[in-house]
Amino acid sequence: QVHLVESGVGSVQAGGSLRLSCTASGYTDIKQVSCMAWFRQVPGKEREGVATVDEWPSTYYADSIKGRFTASKDKNTLYLQMNNLTPEDTGVYYCAALRYSCSSWYVDKAGAEFQYWGQGTQVTVSP
């Protein structure tokens, strides 16, 4: 059973930075986590994609965070460097993974394609 564990819970003032990590374990084949992704659920909204990264690496970003967030992947660990944060970035950030390479449209969806999910980590950005 694949387990994803996020780390990097944090609170920061607007304009600040945070770095999230997600480590995968329990897989028998690293291909089980070929595509890893960040999703988030902000208050009052549905879950939305933030970024996806696969082994090529192909990286895709949601329009709302382009230029501010950078996602990267090192084998079984996914990172999200978040800069110039705004209160609108407040929410629970989830790590997800699936066996196949990332398709560009995954980041525009709510993540139904992903097989494995972390528990989520809270990010709070104060004005």
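## Basis

Residues are numbered from 1 along each chain as its sequence is written, and side-chain values use heavy atoms, with hydrogens and water left out. In this predicted model, local features need pLDDT of at least 70, side-chain atom pairs count only at pLDDT 80 or more, and totals for chains, interfaces and linings use all residues.

## Aromatic pairs

Rings of Phe, Tyr and Trp (its six-membered ring) pair if their centres lie within 6.5 Å; planes under 30 degrees apart are stacked, over 60 edge-to-face, and the rest tilted. The count is six aromatic pairs. One of them joins phenylalanine 39 and tryptophan 117. That pair is tilted, at 5.2 Å centre to centre and 50 degrees between the planes. Phenylalanine 39 lies in strand 4 (residues 35-41) and tryptophan 117 in strand 10 (residues 116-117), so the pair ties together parts 78 residues apart in sequence. Strands (E, at least two residues) are DSSP runs, numbered from the N terminus.

Buried means under 20% relative accessible area, exposed over 50%, and partly exposed in between (1.4 Å probe, protein chains only). Phenylalanine 39 is buried at 0%. Tryptophan 117 is partly exposed at 25%. Tryptophan 105 and tyrosine 106 form an edge-to-face pair, with centres 4.7 Å apart and planes at 75 degrees. Tryptophan 105 is partly exposed at 41%, while tyrosine 106 is buried at 8%. Ring pairs link Phe39, Tyr94, Trp105, Tyr106, Phe114 and Trp117 into a cluster.

## Salt bridges

A salt bridge puts a side-chain nitrogen of Lys or Arg within 4 Å of a carboxyl oxygen of Asp or Glu. The count is five. One of them joins aspartate 29 and arginine 99 at 3.7 Å, N to O. Aspartate 29 lies in the loop between strand 3 (18-25) and strand 4, and arginine 99 in the loop between strand 9 (91-98) and strand 10, so the pair ties together parts 70 residues apart in sequence. Aspartate 29 is partly exposed at 27%. Arginine 99 is partly exposed at 35%.

Arginine 40 meets glutamate 48 at 2.6 Å, N to O. Arginine 40 is buried at 5%, whereas glutamate 48 is partly exposed at 24%. Salt bridges that share partners join Arg40, Glu48, Arg68 and Asp89 into one network.

Methods: Helix = DSSP H or I, 4+ residues; strand = E, 2+ residues; numbered from the N terminus.
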